[in-house]
Amino acid sequence: MGNIKKEDILEILDGYDKENITIATLGSHTSLHILKGAKDEGFRTAIVCEKGREVPYQRFNVADEYIIVDEFKDIVNEEVQEQLRAMNAIVVPHGSFVAYAGLENVEDKFNVPMFGNRDILRWEAERDKERQLLVEGNVRIPFKYDNPEEIDRPVMVKFPGARGGRGYFVASSTEEFNEKIATMKERGWLDDEDAAQAHIEEYVSGCNYCIHYFYSALDDTVEVMGMDTRYESSIDGFVRMPAKDQLDIPLTPSYVVTGNHPAVIRESLLPQVFEMGDKLTESAKKLVAPGLNGPFCMQTLVNDNLEVICFEISARTDGGTNTFMDSSPYSFLTYGKPMSMGRRIALEIKNGIERGELEKIIT
Ligand code: ADP
């Protein structure tokens, strides 16, 4: 895919001192538990941090080394890459790393060993590819409409790019869809190109569970590590208003994640939870080998028929893993000791080093 070839990365890894690996990441998103987990597994840690954003890392004392940059995207600068390689760094990607560094730069310029599967990041970023992974795996997803004329029940309308749900809307008929698109264009919120790419899917009325899995490529196992639900602005504030007032206020809710709540799901739903994680793991192995190495997340809605329906995936550590920086009920069941997602990643790297199989989990 990109210019960075696995052979070149493995050559760099060959030159690393495996007794002195540093686990590094960009200072944002899920970096606190990535670095704390790495420390707990005995690694040195480094953070690439935007100037002025050091405070949480210093106060929580999770980083041994700081590489301070003017802007997050400077992580792809040659000098920064050089510093990282000099400390035998394995970089753990997360949502902000991909967003700030830029997908093309990660694929074409970032010549530093990374944990996981570099190629899969594009598959979660592009809605068609993401859907292909889910369809190939036969995972239950919201019904998709190819044409607004076919709208026959409430639908959720989404637009290209990660917008945190900004501008997404709900409609119940073709007329309502057309009206809302026209209003958004009038207000300058939507251009013709994005409007033409409107993604229309069945509105799933249900409860949100974001399920955090870890696929170990070393052991070929899928673990459920934890779950969260999102606390989204403005929708979660909006629903605290009495219905009468909601009707009076011309507010279009957005779904911008501002935080997360830990969650557990009904025990009787766990077979579905494991089954869908296994299915996605298998389809990812087929479509973008070696697959979903490491953390991934399935964002789901559970309806009143108790069906778990997946509307989005992350193919790297998801922000909701911050709800279990110590442990989740599920990771405790598996490990019987504190196990965050960050620590699980570090454990996989440690196992890879001990078994001489790092090449299976580094990209
Ligand atoms: P983004 O990735 O741009 O943030 P998402 O696809 O995660 O957007 O959707 C944002 C929010 O919209 C979700 O957290 C969920 O609350 C809601 N949502 C998304 N898809 C559906 C759907 N099909 N039915 C009902 N609600 C949905």
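This briefing describes helices α2 and α15 and how they pack against each other. The model is predicted. Helix α2 covers residues 31–40 and packs with α15 at an angle of about 45°, the two axes lying 7 Å apart, while α15 itself runs over residues 341–355.

**Helix α15**
- The 15 residues of α15 should span 21 Å at 1.5 Å a residue, and the end C-alpha atoms are 21 Å apart, which agrees with that expectation.
- After α15 comes G356, which has a positive phi, near 65°.
- Helix α15 is mostly covered, with 11 of its 15 residues buried; among them are M341, R343, R344, E348 and N351.

**Helix α2**
- Helix α2 is also mostly covered, since 7 of its 10 residues are buried under the cut-off of under 20% relative accessible area.
- Those buried residues are S31, L32, H33, I34, L35, G37 and A38, and what covers them includes β1 (22–26), β2 (44–50), α3 (55–60) and α15.
- After α2 comes G42, whose phi is positive, near 90°.

**Packing of α2 with α15**
- The crossing in which α2 passes α15 is right-handed.
- On the α2 side the contacts are made by H33, I34, G37, A38 and D40, which meet M341, G342, R343 and A346 of α15.

How values were computed. Residues are numbered from 1 along each chain as its sequence is written. This is a predicted model: local features need pLDDT of at least 70, side-chain atom pairs count only at pLDDT 80 or more; totals for chains, interfaces and linings use all residues. Side-chain values use heavy atoms; hydrogens and water are left out. Helices (H or I, at least four residues) and strands (E, at least two) are DSSP runs, numbered from the N terminus. The expected span of a helix is 1.5 Å times one less than its number of residues. Buried means under 20% relative accessible area, exposed over 50%, partly exposed in between (1.4 Å probe, protein chains only). Axes are lines fitted to C-alpha atoms, for helices over the stretch in contact, and angles run from 0 to 180 degrees between N-to-C directions. A crossing is left-handed if the near helix is turned anticlockwise from the far one by less than a right angle, and right-handed if clockwise. Contact means heavy atoms within 4.5 Å.
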